[in-house]
Amino acid sequence: MARTPLIAGNWKMNLDHVEAIGSVQKFAFSLPKDYYEKVDVAYMVPFTDIRTIQTLVEGDKLQVTYGAQDISKHESGAFTGEVSGKMLAKLGCSYVVIGHSERREHHAETDAVVHLKVKAALAAGLAPIVCVGESSETRAAGEHLAFVTRQVAAALEGLSAEELAHAVIAYEPVWAIGTGKTATPDQAQAVHALLRAQLHHAASEHAAGIRILYGGSMNAANAAELLAQPDIDGGLIGGAALKAADFLKIVAAAA
Ligand code: PGA
């Protein structure tokens, strides 16, 4: 099954709603139109940028999608500071990043919380981009494959094959995030191939269509080599997504 690559920019806590307009417009007006048939582009932005991006995308009929970097595991109610899946869906979000290592580390998100958030996203019609990845210590101990498959199994536990078909996985080794140290194409492919086999086990008829992204210091210089691997179906891009020109080069590499 052919998988359309997905290049998702994860802005993290960068670019306010005014800066967001400039960045998305610059990107969208520079990208050759036929690229959009070959690659899906998504912006994963701060909550405060979403309404602005929705207006821009709808107003200018841009062929980019967007989403949030987190979601509440609850549907609604007395959860001060939380944002629900329904609210995100109403703003036209297509995706939501779940279980990013920064949330796991700084906000104590366990595999159980990640699982509940994946369920909340699917219930709202959003595609979860489920992040997994090992620390340098885990890799040094040779336990990274077992660690990552455990994270995926916990996040997707009990989902139907149809639900799984909407999910996106992002393999982001923690030691590669924001460090400039990218996994080699072989290192990344080895993990992606294992995850593909795992998905096959869980959702045989849909596994070949589920996109597995790589994330961790992916940039204009290394994107083509990583994306050429058979089981790397796109990227979750942090630092290099903040400048439209850099992001454009990665999208071009995917197209
Ligand atoms: P990076 O971040 O590209 O800056 O390493 C990726 C991510 O955290 O999603």
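In this predicted model, a side-chain N or O atom of N10 is 3.3 Å from an oxygen atom of the ligand. Further polar contacts (pairs of N or O atoms within 3.5 Å; within protein, one must be able to donate a hydrogen and the other to accept it, and residues adjacent in sequence count only if both atoms are side-chain atoms) are listed with it below.

| Residue | Atom in the residue | Distance to a ligand oxygen |
|---|---|---|
| N10 | side-chain N or O | 3.3 Å |
| K12 | side-chain N or O | 2.7 Å |
| S217 | polar backbone atom | 2.7 Å |

The ligand is surrounded by 13 residues (a heavy atom within 4 Å), and the closest are K12, H100, E172, G178 and S217.

Residues are numbered from 1 along each chain as its sequence is written. As the model is predicted, local features need pLDDT of at least 70 and side-chain atom pairs pLDDT 80 or more, while totals for chains, interfaces and linings use all residues; side-chain values use heavy atoms, without hydrogens and water.

Helices are DSSP runs of H or I, at least four residues, numbered from the N terminus. Their axes are lines fitted to C-alpha atoms over the stretch in contact, with angles from 0 to 180 degrees between N-to-C directions.

Helix 1 (residues 17–30) packs on helix 2 (residues 47–59) at about 40°, the axes being 9 Å apart. Contact (heavy atoms within 4.5 Å) joins H17, A20, I21, V24 and Q25 of helix 1 to T48, D49, T52, I53 and L56 of helix 2.

Helix 7 (residues 144–156) and helix 9 (residues 185–202) have axes that come within 10 Å and cross at roughly 40°. On helix 7 the contact includes H144 and L145, and on helix 9 it includes V191 and Q198.

Key. Helix = DSSP H or I, 4+ residues; strand = E, 2+ residues; numbered from the N terminus.
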